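I opened the model to look up a few strands, a few helices and some single residues. My notes follow in the order in which I took them.

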Amino acid sequence: MSVDLLYSDVEESLRGSVRSLLSARLTPESVMARYDGGDDHASLWKSLATDLGLAALLVPEDRGGAGASAREAAVIMEELGRRVAPVPYFSSAVLATITLVEAGETDMLADLASGERTAALAVPLSSTANSLVLTVDASNDHQNSGSLNGSVTSVADAGTADVFVVPAALPEGGMALYLVDRGAVTVDSVVSFDMTRPLGDLTFEDAPGIRVAEGKPAAKAVESALRHGAALLASEQLGIAQWCLDTTLEYVKGRYQFGRPIGSYQALKHRLADLWLEVGTANAAARYAADCLAQGSDDTDVAVSVAQAYCSDVAVKAAEEAIQLHGGIGMTWEHPVHLYLKRAKADQIAMGTPDQHRAHLAELLDLPAS
């Protein structure tokens, strides 16, 4: 299998369209307003989902979508990470959409692809493909419907989702996937560190659900969605790190102290050179994970865990360095760098922590415990 980490012309064109829209419609001030209960950016999501067709990107063409791959979705995640965009692309157009695609669902998928509705996969944001624990039970399952009882904590974008894709345990054992309308679920908002990707706790009390898959197909659908989520989150982390590096470089070139730009001091040069190297390595790791997913490579599991284990830490380090090297202004609420640190720290425990992915790598590669 040949590996191509370079961006194609189509991917760069897609990047340009998304960057142009975000530059025109999204300001740091409007993102910070989310912490005060401000703009929910519904109109921005509508433009991204329908005008640019991002909601349909990962939906196969024969089901009304664009039929794109994880490579194109990774570019979108990079750009959303660069702007800390508070839109439900990751939760709806990646996690929920991939689950329904793999489960063979069509009707709800068409609604998601058109941008008419949004969905959320009802699993904790910290879930991984190999560690999901079911906390919702299904009963009275008949004629492709059932009643769900239980709860799920820390579901991404739960507050804005129109429908939930719910993995539930069956009485006879195994898993089934259900679609549950928002109106049948109690959603409690959670005060999270990163308010640009808000979390919610879900409670199901005899909630009616429509079954879309069961048994191994259901389990494989959720596993695939969480694997895609981990890989594409690495691209978001890359976008965060790249913004922090670029913004800090620009700042140290223009900030003078004792008559010379602070970027001319050797100690700062070394710190930024180290960060540049790490961001470049993160780019390679994230691109390789996306390329493996797109090609269905046998190396996908390894590539995804490598990308998550590495990119998570690089994003946090880049944000911390940005705050430090911006000096006093970097510590203020008015400067947007704190948004990137919050997103980076929240992403660090999403889709599995770096330690979890390193432990999974050890299992995949049959490495003995130290």
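I began with a strand pairing: Leu121 has Val165 in β4 as its bridge partner. The model is predicted, so I kept its limits in view: local features need pLDDT of at least 70, side-chain atom pairs count only at pLDDT 80 or more, and totals for chains, interfaces and linings use all residues. Residues are numbered from 1 along each chain as its sequence is written, and side-chain values use heavy atoms, with hydrogens and water left out.

**Entry: β4 and its partners**

I took helices as DSSP runs of H or I with at least four residues and strands as runs of E with at least two, numbered from the N terminus. Two strands pair if DSSP finds at least two bridges between them. β1 and β4 run parallel and are joined by three bridges.

How many residues of strand β4 are buried? I used buried for under 20% relative accessible area, exposed for over 50% and partly exposed for what lies in between, with a 1.4 Å probe and protein chains only. For β4 (residues 163–169) the count is seven of seven, so the strand is largely enclosed by the rest of the structure. In a regular strand, side chains alternate between the two faces of the sheet. I listed the faces of β4 separately: Val163, Val165, Pro167 and Ala169 are on one side, Phe164, Val166 and Ala168 are on the other, and all are buried.

On to strand β5 (residues 175–181), which runs antiparallel to β4 and is joined to β4 by seven bridges. Ala169 has Met175 in β5 as its bridge partner, and Val166 stands opposite Tyr178 in β5. The hairpin of β4 and β5 has five residues between the strands, and Gly173 takes a positive phi near 100° there. β5 is mostly covered, with six of its seven residues buried.

β5 also pairs with strand β7 (residues 199–214); these two run antiparallel and share four bridges. I noted Ala213 in β7 as the bridge partner of Leu177.

**Entry: Leu148**

I found Leu148 in strand β3 (residues 145–156). Its relative accessibility is 0%, so Leu148 counts as buried. I counted a contact when heavy atoms come within 4.5 Å. Leaving out residues up to four places away in sequence, Leu148 touches Val136, Asp137, Ala138, Val166, Ala168, Tyr178, Val180, Phe204, Glu205, Asp206 and Ala207. I also checked Asp301, 153 residues from Leu148 along the chain; the two C-alpha atoms are separated by 32 Å.

Where does Thr118 lie? I placed Thr118 in the loop between α6 (107–114) and β1 (119–121). Thr118 has 8% relative accessibility and therefore counts as buried. Not counting residues up to four places away in sequence, Thr118 touches Trp45, Pro88, Ser92, Leu112, Thr160, Ala161, Asp162 and Val163.

Just after α3, I noted a positive phi of about 70° at Gly53.

**Entry: Ser235**

Ser235 is part of helix α7 (residues 216–254). At 1% relative accessibility, Ser235 counts as buried. Apart from neighbours within four places in sequence, Ser235 is in contact with Ala74, Met77, Glu78 and Ala286. I also checked Gly81, which is 154 residues from Ser235 along the chain; their C-alpha atoms are separated by 7.9 Å.

**Entry: the whole protein**

I counted 11 helices and nine strands in the protein. Buried residues make up 52% of the 370 residues. Of the contacts with a separation of 6 or more, 74% are between residues 24 or more positions apart.

The C-alpha trace spans about 75 × 50 × 40 Å along its principal axes. For the radius of gyration I used C-alpha atoms, and the globule rule is 2.2 Å times the number of residues to the power 0.38. A compact globule of 370 residues would have a radius of gyration near 21 Å, and the protein, at 21 Å, agrees.
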